[in-house]
Amino acid sequence: MFARLRSDIQCILDRDPAARSTWEVITCYPGLHAIWLHRPAHWCWNHGLKWLGRFISHFSRWLTGIEIHPGAKIGQRVFFDHAMGVVVGETAEIGDGCTIYQGVTLGGTSLYKGAKRHPTLGRDVVVSAGAKVLGGFEVGDGAKIGSNAVVIKPVPAGATAVGIPARIIPSKEGQSADVTTEPQQPRKFTAYGITQEDDPLSQAMRGLIDNASSQEHQIALLWQAIEKLSSANQQAKDCVPCDAALKEQFEAGKLNELVGK
């Protein structure tokens, strides 16, 4: 038991640079208090003491601002960072090493009792501030959920989900879509699930912009070639229309700036 308590404290010291001492973590981190209160609530729930489990959960919500149903399963080294307004549903499962930020909802979309209504998070998942993960599906190991994303479908291991509804950025190396630089370096924890990868929608938009710019360039080259041929041929001087696009006017740079990074 004491080893697990030490592990709870150490995971916060490892992931939060603002944590300065063990005493500060024990006394000033409501996410840790929520974890510690959830364990007796979960024990009561599993041993038939449903009301007592719900009461401990309710007291924990009043004390910490974090609502965890006593039926939820939480692994080891789970860190609720800031975490005000977090809601974890009855059939939710949170794997070892997960990090969950403020305003996150692990919610259900089904009203059937006894059904798996809430998500299952694998190991080392990061769920960023304001994200909503809704449904009884799985989020794979090492996945990241971007801030304010609304996830309504499974997320593969190592992938990043962003947007509303969430779009999936797959892992390049099959491990993580985070900001690691060299494959030989160990994967580092990234706060709030920040990734260097772009929104896949913006990637598609930039691809369309580049393609349209390239096509206009080719059309301009064709009209210029036709103009040269018609100038050399006295009988074909009027074959170039007055509205022919001899110069490129497509402003790809400005459009890419509007799309974003």
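Author: In this predicted model, Trp43, Leu49, Trp51, Leu52, Phe55, Phe59, Trp62 and Leu63 make up a nonpolar surface patch of about 940 Å². The element that gives the most to this patch is helix 4, which spans residues 50-64 and supplies six residues. Phe59, one of the residues that make the patch, is found in helix 4, and its relative accessibility of 38% is why Phe59 counts as partly exposed.

From the nonpolar patch we can turn to the charged side chains. Side chains of opposite charge can pair when their charged atoms come close. A search of the whole structure finds six salt bridges, and three of them are described here in turn.

In one salt bridge Arg20 is paired with Glu24, and the closest N and O atoms of the two are 3.1 Å apart.

Another salt bridge is the one in which the side chains of Lys116 and Glu93 meet, with an N to O distance of 3.7 Å. Lys116 lies in the loop between strand 7 (105-107) and strand 8 (120-121), while Glu93 lies in strand 5 (residues 93-94), so this pair ties together parts that are 23 residues apart in sequence. Lys116 has a relative accessible area of 35% and is therefore partly exposed, and Glu93, with a relative accessible area of 30%, is partly exposed as well.

A further salt bridge joins the side chains of Arg123 and Asp96, where the N to O distance is 3.2 Å. Because Arg123 lies in the loop between strand 8 and strand 9 (126-127), and Asp96 in the loop between strand 5 and strand 6 (99-100), the pair ties together parts that are 27 residues apart in sequence. Arg123 counts as partly exposed, because its relative accessibility is 41%. Asp96 also counts as partly exposed, at 21% relative accessibility, and it does so because the buried class takes in values under 20%.

Terms used
Residues numbered from 1 in each chain as written. Predicted model: local features only at pLDDT ≥ 70, side-chain atom pairs only at ≥ 80, totals over all residues. Heavy atoms only, no water. Patch = residues over 30% accessible without salt bridge, like charges linked within 9 Å, V, L, I, M, F, W, Y side chains within 5 Å. Areas by Shrake-Rupley, 256 points an atom, 1.4 Å probe, with all protein chains shown as cover. Salt bridge = Lys/Arg side-chain N within 4 Å of Asp/Glu carboxyl O. Helix = DSSP H or I, 4+ residues; strand = E, 2+ residues; numbered from the N terminus. Buried < 20%, exposed > 50% of the residue type's maximum accessible area, 1.4 Å probe, protein only.
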